[in-house]
Amino acid sequence: MINKLKEKILEYDKIIILRHNRPDLDALGSQLGLKEVLKSEFPNKKIYATGDMNNRLAFVGSMDEIEDKEFNDALVIICDVAVKNMICDQRYELAKEIFVIDHHTNKSDLTDNFIIDSSRAAAAEYIAYIIMNYLHFKINAKAATLLFGGIVSDSGRFQYAGTTPDTLRIAANLLECGADMNFIYDNLYVESLESKQMKGYFSSIFKITKNNVAYLKNDKDIFDKFKVDFFTISRGMVNVMAGIDKINIWCNFTYDIENNVIIGEFRSRGLSIVDIAKDFGGGGHDQACGATLHSWEEVDQILECFDKRAKEFNDGRNN
């Protein structure tokens, strides 16, 4: 399938690169990193990247504004997501052909042109691997920085369980290509005093279930207290509960005012929870996943499932 993708990249004069909506750095790094590689390799082709933007991550670049007609007769490559309802630009349906490159455990309902490796810590890692070992396109310093940023973000600075020796080798290769590690780290991990104080607030209010599942429930009033975007609360605050002794599952539930749903971000240490996320229509990785929920009653239901999983895990360790 990768060889077929290369054939199509060579064939098409217009390529549009997409990813999931509400992007994290892996999504943006994959999308913009691949765009930069293709632009450099094929300066006479039209190469676009479109979709919504995460203001917190605007340092990586911006999206292209293109008309619907640009999707006609185009090759679309979708990174870091495999399901229709999460694509950042629904105009992908107008494209002539679609390929998906992903590293999650979800099956694709988009296309049979599905390239996946769920052993990869990040979509950016897998895309860099494909470029280096199959496409054999040059990765310039800008592209290397973007792809390196995606790997750093989704691997939790190489701390998460999905990090492998290959993850580190690919990151090292990107550094050799000129990736600016300091640029990524300074923009990603240096934060304002207000941001640090906000994390302190959430650290002080999270609750714990009977079997030590930590969770936050953020209703719409939270956005009156903090004038920030949805991503800052939802994805940004989930890990204030990380790294705490005896807490092996932690969850952040945030009300999405725009879509009238509740977005759940789920994390764990030492055990898999993605099957529970899938039971509620979500997915992701074994220890980092999420789901879209439709009521606070459904939130309580999934918390019960996580609490049961935590009990099973703790009982197993004690036996």
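In which loop is Lys246 found? In this predicted model, Lys246 sits in the loop between helix 9 (230-237) and strand 8 (249-256). The views below take up that loop and several other parts of the structure.

**View 1. Lys246 in the loop between helix 9 and strand 8.**
Although Lys246 is not a glycine, its phi is positive, about 75 degrees. Lys246 counts as exposed because its relative accessibility is 56%, and the cut-off for exposed is over 50%.

**View 2. His136 in the loop between helix 3 and helix 4.**
His136 is found in the loop that separates helix 3 from helix 4 (141-154). Phi of His136 is near 60 degrees, a positive value in a residue other than glycine. With 55% relative accessibility, His136 counts as exposed.

**View 3. The open sheet of five strands, in the order 2-1-3-4-5.**
Pairing in this sheet is parallel. Strand 2 (46-49) and strand 5 (114-116) stand at the edges; each has a single partner strand, so one side of each is left without a neighbour in the sheet. On average, and with direction ignored, neighbouring strands of this sheet are turned by 15 degrees against each other. Helix 2 (residues 25-41) lies across strand 1, strand 2 and strand 3, and runs at about 170 degrees to strand 2. Helix 3 lies across strand 3, strand 4 and strand 5, and runs at about 115 degrees to strand 4.

**View 4. Strand 3 (residues 75-79) and its two partner strands.**
Strand 1 (residues 14-18) and strand 3 run parallel and are joined by four bridges. Leu18 has Ile78 as its bridge partner in strand 3. Strand 3 also pairs with strand 4 (residues 97-102) in the parallel sense, over five bridges. Here Ile77 stands opposite Phe99 of strand 4. Which residues of strand 3 lie on one side and which on the other? In a regular strand, side chains alternate between the two faces of the sheet. Leu75, Ile77 and Cys79 are on one side of strand 3, Val76 and Ile78 are on the other, and all are buried. Strand 3 is thus mostly covered, with five of its five residues buried.

**View 5. The largest cavity and its lining.**
Rolling a probe the size of a water molecule over the atoms shows where empty space is left. The structure holds one cavity of 30 Å³ or more, and about 30 Å³ of space lies in the largest cavity. Its lining is made up of Leu5, Leu34, Ile101, Ile127, Ile130, Ile131 and Leu135. By class, the lining has seven nonpolar residues, no polar residues and no charged residues. Which helix gives the largest share of the lining? Helix 3 (residues 123-135) does, with four residues.

**View 6. The open sheet of six strands, in the order 6-7-8-9-11-10.**
Pairing in this sheet is mixed. Strand 6 (207-208) and strand 10 (283-284) are at the edges, each with a single partner strand, so one side of each is left without a neighbour in the sheet. Strand 7 (residues 213-218) and strand 8 run parallel, joined by six bridges. Leu216 stands opposite Asn252 in strand 8. Helix 9 packs on the sheet and touches strand 7, strand 8 and strand 9 (261-268). The direction of helix 9 makes about 165 degrees with that of strand 8.

Note on methods
Residues numbered from 1 in each chain as written. Predicted model: local features only at pLDDT ≥ 70, side-chain atom pairs only at ≥ 80, totals over all residues. Heavy atoms only, no water. Buried < 20%, exposed > 50% of the residue type's maximum accessible area, 1.4 Å probe, protein only. Pairing = 2+ DSSP bridges. 1 Å grid on protein atoms, 1.4 Å probe; cavity = no way out; pocket = protein on both sides within 12 Å on 5 of 7 lines; lining within 4 Å. Points joined across faces, edges and corners; volume = space filled by probe spheres on them. Nonpolar A, V, L, I, M, F, W, Y, C, P; charged D, E, K, R; others polar. Contact = heavy atoms within 4.5 Å. Axes fitted to C-alpha atoms, helices over the stretch in contact; angles between N-to-C directions.
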